[in-house]
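Work through the exercises below with the sequence and the structure in view. Each task is followed by a solution in steps.

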Amino acid sequence: MALGTGYDQQACHLARALEVVGERWTLLILRDCFYGVRRFTDLREHLDISRAVLTDRLDTLIEHGVLIREDSDGHPEYLLTEAGRALWPTIFSLSKWGERHTSGPHPARLFSHATCGTDIDDVGRCHTCGEVPDPEDLVVRPGPGTNAMRRSDRVARALERPHRMLTPITTAAGPITG
């Protein structure tokens, strides 16, 4: 018996959430948006995702109020809304789960509280301040070790340096443009 494509018969808020963010590419798109990737071409290149799938996922996220599309210098940019930003704890927790229960030839990403420079723990708390910083108050950087899966696209190269979350990704030449 083939699986259905939706959760219409599930009287459950988790099922409603999965309708919006449960597709396999969606959380990776959102992760990149938190990292500051805003342009379609950068998302497409960094994720190795087809144009059609990326378009569909972005349209779904806009339709459900997770992202907004704004024009910047004649190029569309995708920005997280309040509803999108509320997904940060979920994305962070899933990433931490992956660190503990999966393996790969790459280092984990580390997140530090921008205010004091302290790395946050596995539940997102800064032990120096006692706060759970919002994503815009975090700096992301690669953890120690070699990365056998090192990528060479512009976003991956930019993320090799510490970067404040939600700020547009920049390269040595300036903002990445699509």
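**Exercise 1.** Decide whether Arg 141 is buried, partly exposed or exposed in this predicted model.

Solution. Step 1: the relative accessible area of Arg 141 is 23%. Step 2: buried means under 20% and exposed means over 50%, with partly exposed in between. Step 3: Arg 141 is therefore partly exposed.

**Exercise 2.** Find which side chain meets that of Arg 141 in a salt bridge, and where the two residues lie.

Solution. Step 1: the partner is Asp 119, at 3.0 Å from N to O. Step 2: Arg 141 belongs to strand E4 (138-142), while Asp 119 sits in the loop between strand E3 (109-113) and strand E4. Step 3: the pair thus ties together parts that are 22 residues apart in sequence. Step 4: Asp 119 has 33% relative accessibility and counts as partly exposed.

**Exercise 3.** Describe the salt bridge between Arg 164 and Asp 137.

Solution. Step 1: their closest N and O atoms are 3.5 Å apart. Step 2: Arg 164 is in strand E5 (residues 163-164) and Asp 137 in the loop between E3 and E4, so parts 27 residues apart in sequence are tied together. Step 3: Arg 164 is partly exposed at 38%, and Asp 137 is partly exposed at 24%.

**Exercise 4.** State how Arg 39 and Glu 77 pair, and whether each is buried or exposed.

Solution. Step 1: they form a salt bridge, with the closest N and O atoms 3.2 Å apart. Step 2: Arg 39 lies in the loop between helix H2 (26-35) and helix H3 (40-47), and Glu 77 in strand E2 (residues 75-80), 38 residues apart. Step 3: Arg 39 counts as buried at 5% relative accessibility, and Glu 77 counts as buried at 12%.

Definitions and conventions:
Residues numbered from 1 in each chain as written. Predicted model: local features only at pLDDT ≥ 70, side-chain atom pairs only at ≥ 80, totals over all residues. Heavy atoms only, no water. Salt bridge = Lys/Arg side-chain N within 4 Å of Asp/Glu carboxyl O. Helix = DSSP H or I, 4+ residues; strand = E, 2+ residues; numbered from the N terminus. Buried < 20%, exposed > 50% of the residue type's maximum accessible area, 1.4 Å probe, protein only.
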